[in-house]
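Visitor: I am new to this structure and would like to know what stands behind the words used for it. Could you show it to me, and then take me through those words?

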Amino acid sequence: MKQHFNDLFQRSKILLPVLAFALILSGCGWIYHTDKKDDNVLDLTPAELSIIPFTSVNQTGEKVTHEDLRGTPWIANMVFTRCPTVCNLMTPNFRVLQYALEEEGLDVKMVSFTVDPEYDTPERLNKYGENNDADFSRWMFLTGFSEEEITEIATQSFQTIVQPLPDGEDIMHGTSFYLVDEEGNVIRSYDGLKADPEPIINDIKRYLQQ
């Protein structure tokens with residue numbers, strides 16, 4: 001199944017600029033030392049990306065802004081509840097990461113932005129989170145922005161895409177997990193289609209020891 005998803009994205013010309021950007025960044029050294037190179041991990045510090053201002057609501061309808069996420073590192077991804085393809089791998093992998101963070105005792109938030117905000121109401125996101133064993137004290141699901149706003153968050157904050165596909169309800173979007181530091185800088189990305197949380201856990205530990 002994973003190969004099918006990879007083939008789908010490789011065939012899409014929409015992702016070529018993003019992939020080219022990733023290849024450029026992959027040659028840069030990360031500010032935090034790593035013991036070995038991992039092709040599924042990407043240093044984003046040279047791109048100087050940061051979370052743009054946004055206002056949203058979470059799965060319980062509580063207001064959440066970019067300022068509320070400052071002060072501690074957090075992990076972000078982009079999904080949507082009626083996603084027929086990649087989210088069916090990404091969300092379980094995010095759940096595995098949740099378990100790993102809990103096991104390691106790391107106080108790091110997890111944020112899933114929906115790329116389908118008109119459909120994904122707080123109620124739908126709450127149910128989606130429950131179905132995926134989300135610990136809402138750690139893992140929040142954000143909606144309440146417009147389609148234009150989530151596209152801006154994707155492109156400006158994460159250098160990725162949100163692109164509705166014609167003749168259907170599917171939406172093409174990035175499949176990475178992103179490490180954001182306490183000041184809102186996007187410093188690292190990981191392959192969200194990989195189930196191994198160890199690279200993320202190791203990077204968070206290194207970051208917190210700085």
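Guide: Let us begin with a word for accessibility: a residue is called buried under 20% relative accessible area, exposed over 50% and partly exposed in between, with a 1.4 Å probe and protein chains only. Helices (H or I, at least four residues) and strands (E, at least two) are DSSP runs, numbered from the N terminus. This is a predicted model, in which local features need pLDDT of at least 70 and side-chain atom pairs count only at pLDDT 80 or more, while totals for chains, interfaces and linings use all residues. Residues are numbered from 1 along each chain as its sequence is written, and side-chain values use heavy atoms, with hydrogens and water left out.

Visitor: How many helices and strands are there in the protein chain, and what share of its residues count as buried?

Guide: The protein chain has six helices and 11 strands, and 49% of its 210 residues count as buried.

Visitor: What makes strand E6 largely enclosed by the rest of the structure?

Guide: Five of the six residues of E6 are buried, so E6 is largely enclosed by the rest of the structure. Phe-113, which lies in strand E6, has a relative accessible area of 0%, and because buried means under 20%, Phe-113 is called buried.

Visitor: Which residues is Phe-113 in contact with, leaving aside its neighbours within four places in sequence?

Guide: Contact means heavy atoms within 4.5 Å, and, with those neighbours left aside, the residues in contact with Phe-113 include Phe-54, Trp-74, Met-78, Leu-142 and Phe-158. Phe-113 and Asn-58 are 55 residues apart in sequence, and their C-alpha atoms are 9.4 Å apart in space.

Visitor: How do you know that E6 pairs with E5 and with E7?

Guide: Two strands pair if DSSP finds at least two bridges between them. Six bridges join E5 to E6, so these strands pair, and they run parallel, with Met-78 standing opposite Phe-113 in E6. Four bridges join strand E6 (residues 109-114) to E7, so these strands pair as well, and they too run parallel, with Val-111 opposite Met-140 in E7. In strand E7 (residues 139-142), Trp-139 and Phe-141 point one way and Met-140 and Leu-142 the other way, and all are buried.

Visitor: Why is Val-57 called partly exposed?

Guide: Val-57, found in strand E3 (residues 55-57), has 22% relative accessibility, and because this value falls between 20% and 50%, Val-57 counts as partly exposed. Val-57 and Gly-144 are 87 residues apart in sequence and 5.4 Å apart in space, C-alpha to C-alpha.

Visitor: Is Glu-48 buried or exposed, and where does it lie?

Guide: Glu-48 lies in the loop between E1 and strand E2 (49-50), and because its relative accessibility of 71% is over 50%, Glu-48 counts as exposed. The phi of Glu-48 is near 55°, a positive value in a residue other than glycine.

Visitor: What makes Asp-133 partly exposed?

Guide: Asp-133, in the loop between helix H4 (122-131) and E7, has a relative accessible area of 44%, which lies between 20% and 50%, so Asp-133 is partly exposed. The phi of Asp-133 is near 55°, again a positive value in a residue other than glycine.

Visitor: Why is H3 called oblique to H6?

Guide: The axes of helix H3 (residues 87-104) and helix H6 (residues 198-208) come within 10 Å and cross at roughly 40°. Angles under 35 degrees count as roughly parallel, over 145 as roughly antiparallel, 65 to 115 as roughly perpendicular and the rest as oblique, so H3 is oblique to H6. The contact is made by Leu-97, Ala-100, Leu-101 and Glu-104 of H3 and Ile-200, Ile-201, Ile-204 and Lys-205 of H6.

Visitor: What covers the buried residues of H6?

Guide: The buried residues of H6 are Pro-199, Ile-200, Ile-201, Asp-203, Ile-204 and Tyr-207, and what covers them includes H3, strand E1 (41-43) and strand E11 (185-191).

Methods. Axes are lines fitted to C-alpha atoms, for helices over the stretch in contact, and angles run from 0 to 180 degrees between N-to-C directions.
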